[in-house]
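Work through the exercises below with the sequence and the model side by side. Try each task before reading its solution.

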Amino acid sequence: MPNYWLMKSEPDEVSIDDAIKAPKHTVAWTGVRNYQARNFMRDGMQVGDGVLFYHSSCPEPGIAGIARVASGTRPDPTQFDKTSPYYDAASKPDAPRWLLLDVQAVRKTRLLGLPELRDTPELADMVVLKRGNRLSITPVSEAHWKLITGTLLAGA
DNA sequence: GCCAACGTTGGC
DNA sequence: GCCAACGTTGGC
């Protein structure tokens with residue numbers, strides 16, 4: 001049984017359009033530097049899981065597309081790249097601290113913006129809508145997934 | 001640019 | 001192990 005997730009990306013870095021344009025519509029999800037988010041990738045996420053592709057830190061934050069988990073985890077090479085903003089001097093190649101996995105865009109949707117998400121009572125307990133939430137990867141319930149992908153984004 | 005909220009660090 | 005200081009996230 002598949003699980004569902006919401007993954008935040010800054011569209012200046014990787015947007016849903018970038019993912020769709022990528023080979024096989026697939027991008028390596030670099031830059032996760034939070035243990036809880038890493039553990040979701042390592043322990044919870046399975047190939048085929050559904051992903052809500054969320055644009056954050058941008059003029060119109062919100063869900064911009066549907067994607068799927070396309071690989072298991074492997075070490076994130078940017079942690080060893082001194083020129084990368086994600087470089088982590090404390091992480092050693094023989095004991096990588098940070099992981100990534102591949103995310104494959106399924107389709108771009110209309111922008112389901114944060115105000116609309118907040119205005120939908122059934123979504124009130126979505127983790128990403130909770131006050132102060134900063135996690136870049138959060139689990140999504142099946143009910144929320146169905147409402148968002150099946151109703152709010154139906155045909156859009 | 002501001003700031004609330006949260007995670008991490010490091011002294012003790 | 002506690003907790004203050006600090007850095008980051010992310011909406012506005």
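This is a predicted model: local features need pLDDT of at least 70, side-chain atom pairs count only at pLDDT 80 or more; totals for chains, interfaces and linings use all residues.

Residues are numbered from 1 along each chain as its sequence is written, chains are lettered from A and ligands numbered from 1 in the order in which they are written, and side-chain values use heavy atoms, with hydrogens and water left out.

**Exercise 1. Classify the ring pair of Trp29 and Phe53, and state whether each residue is buried or exposed.**

Step 1. Rings of Phe, Tyr and Trp (its six-membered ring) pair if their centres lie within 6.5 Å; planes under 30 degrees apart count as stacked, over 60 as edge-to-face and the rest as tilted. The structure holds four aromatic pairs.

Step 2. The ring centres of Trp29 and Phe53 are 5.4 Å apart and the planes stand at 80°, so this pair is edge-to-face.

Step 3. Trp29 is in the loop between β2 (26-28) and α2 (35-44), and Phe53 is in strand β3 (residues 50-55), so the pair ties together parts that are 24 residues apart in sequence. Helices (H or I, at least four residues) and strands (E, at least two) are DSSP runs, numbered from the N terminus.

Step 4. Buried means under 20% relative accessible area, exposed over 50%, and partly exposed in between (1.4 Å probe, protein chains only). Trp29 has 7% relative accessibility and counts as buried; Phe53, at 1%, is buried as well.

**Exercise 2. Which residues of α2 are buried, and what covers them?**

Step 1. The buried residues are Ala37, Arg38, Phe40, Met41 and Gly44.

Step 2. Their cover includes β1 (4-9), β6 and β8 (137-140), where contact means heavy atoms within 4.5 Å.

**Exercise 3. Which residues surround DNA strand C and DNA strand B?**

Step 1. A residue is near a strand if one of its heavy atoms lies within 4 Å of it. DNA strand C is surrounded by Lys8, Tyr54, Ser56, Ser57, Pro61, Leu114 and Arg134. Of the atoms of DNA strand C within 4 Å of the protein, 72% are sugar and phosphate.

Step 2. DNA strand B is surrounded by Tyr35, Arg131, Gly132 and Arg134. Here sugar or phosphate supplies 71% of the DNA strand B atoms within 4 Å of the protein, and bases the rest.

Step 3. A side-chain N or O atom of Tyr54 is 2.9 Å from a phosphate oxygen of DNA strand C. A backbone N or O atom of Ser57 also lies 2.9 Å from a phosphate oxygen of DNA strand C.

Step 4. The side chain of Arg134 has an N or O atom 2.3 Å from a base oxygen of DNA strand C, and a polar side-chain atom 2.7 Å from a base oxygen of DNA strand B.

**Exercise 4. Where is Thr138, and which residues does Thr138 touch?**

Step 1. Thr138 sits in strand β8 and is buried, with a relative accessible area of 1%.

Step 2. Not counting residues up to four places away in sequence, Thr138 touches Tyr4, Trp5, Leu6, Val127, Val128 and Asn133.

Methods
A polar contact is a pair of N or O atoms within 3.5 Å; within protein, one must be able to donate a hydrogen and the other to accept it, and residues adjacent in sequence count only if both atoms are side-chain atoms.
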